[in-house]
Amino acid sequence: KILALKILPGPLPRLQKMAKKDEKAALVDMPQQPLRFRRWWLRRISAVVCAAAFGTGAVYGLRFYHIFSRGMKYMHNQQLQAVAVGNFTLNGRVLQWYVLNDAVMGGHSSSELQSGLSRTGWHADPKGLTFSGTISTKDGGFASCTTLDQTLDLPPSIVGFKISATTDGQLYKFTLKTSDSVWEPVWQMDMPALSLERGVRHDFFLPFSSFRASRMGQAVGGHRLTPERIRSIGINLALIDTAGDPNPHFGDGPFAMTLHSIQAVANAPILLAAPTNVASSFATSISSRASADVPANATNAMLPPVTLATFDGSATSREWRVTNDPVMGGRSTSSFVTDGRVGRFAGACAIVPFLHAPGFCKISAASGSFADASAFIVGALHITLRTSTPGYGGFKVAFSADHMPTPRGTYRHGAPSFKADFHAPSSVSSAIEWVTVRVPFDSFSVDWSEFTGSCKSRDPDGTQHVCCSLEHPAVCPRAEHLRSLRSLSVWAEGEEGAFDIELQSIAVGQ
């Protein structure tokens with residue numbers, strides 16, 4: 001305050017003079033003028049702060065407006081270039097395609113659409129659509145193609161799309177849009193793992209239940225995909241996958257993939273391994289190992305699912321045994337009962353004292369023989385269930401067969417099995433609604449940790465377990481395993497808490 005009195009001009013000469021002689025006396029002697037001066041000073045400081053904040057906000061606002069306007073202009077120009085490529089229609093509507101790259105946000109990736117041979121040398125179906133280009137991770141990192149927004153009038157009975165595609169081994173996403181607004185979410189789904197096989201054509205079923213809503217690359221909840229609202233489809237190659245995790249196959253350089261066909265499906269089809277060599281042969285992969293022993297009649301046929309277990313007393317009903325972690329010093333408890341229609345598995349997974357980690361509860365069935373399910377090696381296990389604990393994250397399912405591969409690690413206390421996580425949809429908030437959960441076979445791994453039940457874990461001795469992938473095909477199930485099934489088991493493992501799940505059936509299908 002004294003410093004301000006000394007250096008600031010104004011109608012306060014007496015105060016300035018007194019401040020030089022006796023600064024303390026000046027403030028005591030003149031209580032009113034310093035108060036007015038302080039208010040005058042605070043008003044000016046507030047004005048400066050507000051002006052600075054407004055100026056900064058205006059700069060960022062103008063910058064955002066400039067980027068957004070440039071992006072919208074780019075999108076509009078790309079839409080004007082939309083053309084029909086290949087023989088693609090949906091519900092009788094001709095699909096017109098255009099590319100949309102990270103240039104929309106200042107990036108440098110490029111792409112093109114065409115039929116036949118692309119500029120990258122990628123040999124494609126002359127009747128299909130080849131999406132190719134070059135990815136640059138500088139200031140961006142994605143390339144995509146999409147169809148022009150139009151009313152497709154898909155009936156509500158549609159459950160997904162059947163597509164045929166050949167990729168260069170990178171992880172692509174299939175996208176759906178229900179609005180032309182940039183503020184509405186885009187629905188996306190990672191292409192199945194078999195698409196990572198370079199140069200091999202595969203048929204896939206993409207169920208609507210597997211698509212996830214996202215906005216500006218971020219997952220959003222509270223939305224429901226209905227087929228009658230779908231207005232366009234697309235393909236995306238980006239830095240992150242549908243779950244928001246880094247895309248391990250993504251990087252700078254060329255890319256190319258071909259979409260051969262697409263059709264809407266009213267009932268989930270059974271698509272079997274029938275690879276067609278489009279380019280040079282690809283070395284060891286899940287598909288080549290799996291399809292080598294698929295029956296000769298396993299083409300893209302529409303086959304009914306194979307039921308492995310029911311709980312209604314029929315021929316597919318089985319005897320189930322409960323096993324909890326007290327066998328290894330744990331404190332988890334569970335029970336399993338049947339009422340003639342369903343089986344109820346309930347209990348609580350607790351911390352194992354000497355491990356300081358959650359233990360396990362499981363039910364297993366090894367009685368009788370199982371049907372040959374080898375035709376569905378590129379499909380999934382289907383579990384029809386309902387649960388009052390949909391938030392419990394420790395549910396797992398496993399199966400064993402003849403000629404099982406040997407898992408890693410030294411901590412093994414039983415026969416090896418293929419195991420995978422499964423989750424009840426979050427929309428199931430009570431024990432009333434029955435749902436069928438699909439667990440793809442390429443999500444199963446024989447190399448799971450006995451400490452956590454996960455194939456992503458590292459054991460205390462340093463052993464790193466691995467999941468099924470093109471890099472680790474030896475841990476994946478093959479058709480020969482589905483032909484010689486020996487046991488099934490359902491687990492609550494690796495997460496502390498209560499669980500309660502009712503099972504109606506376990507089957508194998510697409």
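**A surface patch and beyond**

Tutor: Trp41, Leu42, Ile45 and Val49 make a nonpolar surface patch of about 360 Å². The model is predicted, so local features need pLDDT of at least 70 and side-chain atom pairs pLDDT 80 or more, while totals for chains, interfaces and linings use all residues. Residues are numbered from 1 along each chain as its sequence is written, and side-chain values use heavy atoms, leaving out hydrogens and water.

Patch residues have over 30% relative accessible area and no salt bridge, with nonpolar side chains (Val, Leu, Ile, Met, Phe, Trp, Tyr) joined within 5 Å and like charges within 9 Å. A salt bridge is a Lys or Arg side-chain nitrogen within 4 Å of an Asp or Glu carboxyl oxygen. Areas are Shrake-Rupley values with a 1.4 Å probe, and for residues only the protein chains shown count as cover.

Leu42 belongs to helix 4 (residues 32-80); helices (H or I, at least four residues) and strands (E, at least two) are DSSP runs numbered from the N terminus. Leu42 counts as partly exposed because its relative accessibility is 47%, where buried is under 20%, exposed over 50%, and partly exposed in between.

Turning to the strands, eight form an open antiparallel sheet in the order 1-2-5-12-7-8-10-11. Strand 1 (83-90) and strand 11 (218-219) are its edges, each pairing on one side only; pairing requires at least two DSSP bridges. Strand 10 (residues 212-215) is joined to strand 11 by two bridges, running antiparallel, and Arg215 stands opposite Gln218 in strand 11.

Definitions and conventions
Buried means under 20% relative accessible area, exposed over 50%, partly exposed in between (1.4 Å probe, protein chains only).
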